[in-house]
Amino acid sequence: MADTLESFAASRNSLITPTVGTGLVRALYSTYVSYLPPERFSYPVARHGDARGVFVEMLKTPDCGQFSYFTAHPGITRGEHYHHTKTEKFLVIKGSAHFGFRQIETGERHEIVTHGGDATIVETVPGWTHNITNVGNDELIVMLWANEIFDRENPDTIAMKVHA
């Protein structure tokens, strides 16, 4: 029980949230959070920025991947890679995005354009290289879920351009 309670506090640093949706652990988590003082209702997370925009990881789970968001300035392309097993779901929150796909074995291509407010999920598929380009005039903001936590020591992210 003590380890479970300690994992709640640790999750604010690791971003790995234990399974807190059912049963006793849900009740413990709700109780833990209810005892937080107001000055601990929020906490910072790492913000990784470069000339393309920012990338922020929000929540990681032991068995269901992670949630994050990124931004891209007008004309910027992000991605240009494929995965062996990782899948991702993207939701454009603000701006206009062009998603480019190419199947790495056959060369088949596919394109999708979506905009903030469309409420359209774009999913990446293993074996298809993909990129996302901001085709609008404003900042692009995209929320994403990946089915696995990014492992910097063993990344399932292989660089390969869509338009090779």
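1. A residue is called buried here when its relative accessible area is under 20%, exposed when over 50%, and partly exposed in between, with a 1.4 Å probe and protein chains only. Strands (E, at least two residues) and helices (H or I, at least four) are DSSP runs numbered from the N terminus. By these terms, seven of the seven residues of strand S9 (residues 128-134) are buried.

2. The model is predicted: local features need pLDDT of at least 70, side-chain atom pairs count only at pLDDT 80 or more, and totals for chains, interfaces and linings use all residues. Residues are numbered from 1 along each chain as its sequence is written, and side-chain values use heavy atoms, with hydrogens and water left out.

3. The protein holds two helices and 11 strands, and from the N terminus the order is α-α-β-β-β-β-β-β-β-β-β-β-β. Its C-alpha atoms fill a box of roughly 55 × 35 × 25 Å along the principal axes. Of the 164 residues, 35% are buried.

4. Strand S9 is covered on both faces. One side carries Trp128, His130, Ile132 and Asn134, the other Thr129, Asn131 and Thr133, all buried.

5. Two strands pair if DSSP finds at least two bridges between them. Strand S4 (residues 77-82) runs antiparallel to S9 with four bridges, and Gly79 stands opposite Asn131. Strand S6 (residues 96-103) is also antiparallel to S9, through seven bridges; there, Phe101 has His130 as its bridge partner.
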